[in-house]
Amino acid sequence: MNIVLRELMSSRKSLIWWSVGLLAMIAGGMSKYGGMQSSGQSANDLFAAMPKSLQAIFGVSTLDISTALGYYGLIFSYLLLMAAIYAVMLGANSIAKEERDKTSEFLMAKPVSRRRIITSKLAAAIILLFLFNLITFLLSAMMVNYYDSGAEITSKIAALVGGMFLLQLIFLAIGTSIAAVSKRPKLATSIATGILLLTYILSIAVELSSKLENLKYIIPFKYFEAKYILAGDGFDAVFVILSVVIVVVLINATYILYQKRDLNI
């Protein structure tokens with residue numbers, strides 16, 4: 001069987017379950033907005049009165065949660081976390097599972113190089129991420145437009161999801177590179193997820209202290225924040241370039257490290 005198709009087939013159930021989670025998050029969040037429509041401004045005041053630490057945790061910041069799009073921006077910070085976890089686990093599992101599940105010998109017996117194996121796995125992972133983002137966009141556009149429709153709203157949701165896709169590529173590359181270098185495949189996913197959670201905690205810390213402002217350049221969660229995209233600022237060119245550099249470096253590292261490492265068969 002084609003390796004790309006094999007990877008897609010083995011990951012289809014996971015994508016379905018993550019899609020169900022997306023539906024629950026988006027529908028549940030926007031339904032709460034529907035319940036507070038009549039008192040949206042008071043909700044803004046409520047969040048504004050909270051300590052800055054709680055505002056950072058909730059991801060409120062400068063968002064106007066009295067609007068459907070602003071409230072979606074609040075939900076989006078949690079969607080980003082979900083998307084990043086999915087991507088980093090997908091990346092780590094796609095490389096590590098052959099050794100973990102003792103199928104390396106079967107795969108390596110095929111007349112294909114390790115480089116082609118990595119390329120095929122990455123291609124399948126990117127297709128899955130594309131489908132994940134497409135589902136996110138369709139669900140988001142449907143739910144937000146239910147409460148407040150407009151071409152501008154749909155375009156801003158598309159921009160948010162575009163930033164999500166770039167973030168996922170970063171964490172996909174982090175996951176594959178860690179799995180490629182790790183001699184203990186069962187730990188690869190845990191290590192990759194641990195790094196993700198550390199960066200997420202740091203992103204909250206940066207919100208709490210201006211002294212940590214420069215750390216934002218090494219924290220992917222700060223690259224595509226909803227508060228800037230929804231304000232019309234678009235993507236920061238510096239962060240886009242950083243994203244591309246990180247992905248290229250880590251993907252190259254994945255190829256190099258995986259080809260040099262002795263596999264556990």
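Residues are numbered from 1 along each chain as its sequence is written. Because the model is predicted, local features were required to have a pLDDT of at least 70 and side-chain atom pairs a pLDDT of 80 or more, whereas totals for chains, interfaces and linings use all residues, and side-chain values rest on heavy atoms, with hydrogens and water left out.

The protein chain contains ten helices and zero strands, where helices are DSSP runs of H or I of at least four residues and strands are runs of E of at least two, numbered from the N terminus. Of its 265 residues, 46% count as buried, a class defined by a relative accessible area under 20%, with exposed set at over 50% and partly exposed in between (1.4 Å probe, protein chains only). Among contacts (heavy atoms within 4.5 Å) between residues at least 6 apart in sequence, 75% join residues at least 24 apart.

Helix α6 (residues 114-147) packs against helix α10 (residues 237-260) at an angle of about 140 degrees, the axes lying 9 Å apart; axes are lines fitted to C-alpha atoms, for helices over the stretch in contact, and angles run from 0 to 180 degrees between N-to-C directions. The two helices, α6 and α10, are therefore oblique to each other, given that angles under 35 degrees count as roughly parallel, over 145 as roughly antiparallel, 65 to 115 as roughly perpendicular and the rest as oblique. On the α6 side, R114, R115, I118, T119 and L122 meet I251, T254, Y255, Y258, Q259 and K260 of α10. These residues divide into five nonpolar, three polar and three charged, with Ala, Val, Leu, Ile, Met, Phe, Trp, Tyr, Cys and Pro taken as nonpolar, Asp, Glu, Lys and Arg as charged, and the others, Gly among them, as polar.

T176, located in helix α7 (residues 151-181), counts as buried because its relative accessibility is 0%. Beyond residues up to four places away in sequence, T176 touches G91, A92, S94, I95, L122, I251 and T254. The side chain of T176 also makes a polar contact with the side chain of T254 (3.0 Å), the term denoting a pair of N or O atoms within 3.5 Å of which, within protein, one must be able to donate a hydrogen and the other to accept it, residues adjacent in sequence counting only if both atoms are side-chain atoms.

I85 is placed in helix α4 (residues 68-100) and, leaving aside neighbours within four places in sequence, is in contact with W18 and L196.
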